[in-house]
Amino acid sequence: MALEVVVITGMSGSGKSVALHALEDAGYYCVDNLPPELLTSFVALEHAHHGQRVAVAMDVRSATALPLVPQQLQRLREQGVIVRSLFLDASTGTLVRRFSETRRRHPLSRDELLEGRRALVQTIELERELLAELRAQSHVIDTSTLRSAQLLSYVKELLALKPGQLTLVFESFAFKRGVPFDSDYVFDVRMLPNPHYEPALRALTGRDEPVAEFLRNQPEVALMQSHIAQFLEHWLDALAQNHRSYVTVAIGCTGGQHRSVYLVEQLGAQFSERWSTLRRHRELDGI
């Protein structure tokens with residue numbers, strides 16, 4: 001059995017400790033705030049002790065050594081180690097609110113308690129710059145609107161997938177609540193016929209058959225599904241050859257309840273015949 005290593009990085013306040021708990025529940029040996037310089041030696045030590053699944057969390061407290069991480073992960077892959085890299089993110093407004101609610105100080109901050117919100121925002125933006133390279137090489141999970149239970153569920157879903165192959169994540173969302181930070185591609189379907197204006201369908205979702213039937217009968221919906229599918233079919237092989245592990249396709253409508261949900265379900269089923277797929281509904285999953 002190949003050694004599997006999950007590396008969790010991300011913004012301070014984005015939920016890394018929650019994700020680490022999900023990994024611990026799944027049987028991983030977990031270490032929080034591991035100095036990046038120790039990553040490869042720690043993995044070797046665990047492997048020597050017959051540990052097969054290891055998870056480490058690293059954050060901006062190790063800022064000076066974080067540039068080493070991408071090279072170390074590549075070295076582990078070359079040694080045959082299965083590496084999964086997760087990056088937890090959230091909007092600046094969400095992070096400011098979380099720090100305010102918990103009264104925690106940001107790890108990079110020395111004076112935010114004196115200067116208030118402006119200093120905290122500047123510190124968060126500095127952290128984004130320091131973590132940009134790691135983010136670009138990881139699967140991003142936007143926790144801005146997720147409760148802890150949702151994040152636990154999302155992480156466990158990812159762990160259940162077979163490693164080493166590209167996974168498509170289809171995610172529905174409401175534009176009125178913002179575009180997900182973890183999107184690789186975003187498709188706007190607000191111009192399609194809206195079941196919301198049908199009284200019998202308003203309270204239902206795109207996973208309910210009456211809504212699905214309504215949308216199946218709309219030529220524009222079928223055309224939109226075809227165009228999204230053609231785009232993905234054209235580029236997925238190239239993304240897989242570029243060693244991408246995850247591709248998140250976000251589909252948004254006004255309320256994230258009908259049209260986007262329907263298309264995520266349809267596309268998820270369509271692409272599952274060839275690719276590993278996950279379906280998420282940001283506005284519904286927490287209900």
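This is a predicted model: local features need pLDDT of at least 70, side-chain atom pairs count only at pLDDT 80 or more; totals for chains, interfaces and linings use all residues.
Residues are numbered from 1 along each chain as its sequence is written, and side-chain values use heavy atoms, with hydrogens and water left out.

Back to serine 85, which sits in strand 4. Helices (H or I, at least four residues) and strands (E, at least two) are DSSP runs, numbered from the N terminus. Is serine 85 buried or exposed? It's buried, with a relative accessible area of 7%; buried means under 20% relative accessible area, exposed means over 50%, and partly exposed is in between, using a 1.4 Å probe and protein chains only. The side chains of serine 85 and serine 138 are joined by a polar contact of 2.7 Å. For that term we need a pair of N or O atoms within 3.5 Å; within protein, one must be able to donate a hydrogen and the other to accept it, and residues adjacent in sequence count only if both atoms are side-chain atoms.

Leu73 brings us to helix 3, where the buried residues are Val69, Pro70, Gln72, Leu73 and Leu76. Looking down the axis of helix 3, those buried residues fall within an arc of 165°, so they line one face of the helix. The arc is that of the directions from the helix axis to the C-beta atoms. Gln71 and Glu78 are exposed on the other side of helix 3. After helix 3 comes glycine 80, with a positive phi near 90°.

Now for the empty spaces. Rolling a probe the size of a water molecule over the atoms shows where empty space is left. On a 1 Å grid over the protein atoms alone, a cavity is a set of points where a 1.4 Å probe fits but cannot get out; a pocket is an open set with protein on both sides within 12 Å along at least five of seven lines, and lining residues have an atom within 4 Å of a point. Grid points are joined across faces, edges and corners, and a volume is the space filled by probe spheres set on the points.

The largest pocket has a volume of about 820 Å³. It's lined by 31 residues, and Arg77, Gln137, His243, Arg244 and Ser245 are the closest to its centre. Which element gives the most to that lining? Strand 4 does, with 4 residues.

The second largest pocket holds about 350 Å³ of space. Of its 19 lining residues, Gly13, Ser14, Gly15, Lys16 and Ser17 lie nearest the centre. Helix 1 supplies the largest share of that lining, 3 residues.

Last stop: there's 1 cavity of 30 Å³ or more, and the largest cavity has about 40 Å³ of space. Its lining includes Ile141, Leu146, Tyr154, Arg280 and Arg282. Tyrosine 154 is in helix 7 and counts as buried, at 4% relative accessibility. Not counting residues up to four places away in sequence, tyrosine 154 touches Ile141, Leu146, Arg280, Arg282 and Asp285. And the C-alpha atoms of tyrosine 154 and leucine 192, 38 residues apart along the chain, are separated by 29 Å.

Conventions:
Contact means heavy atoms within 4.5 Å.
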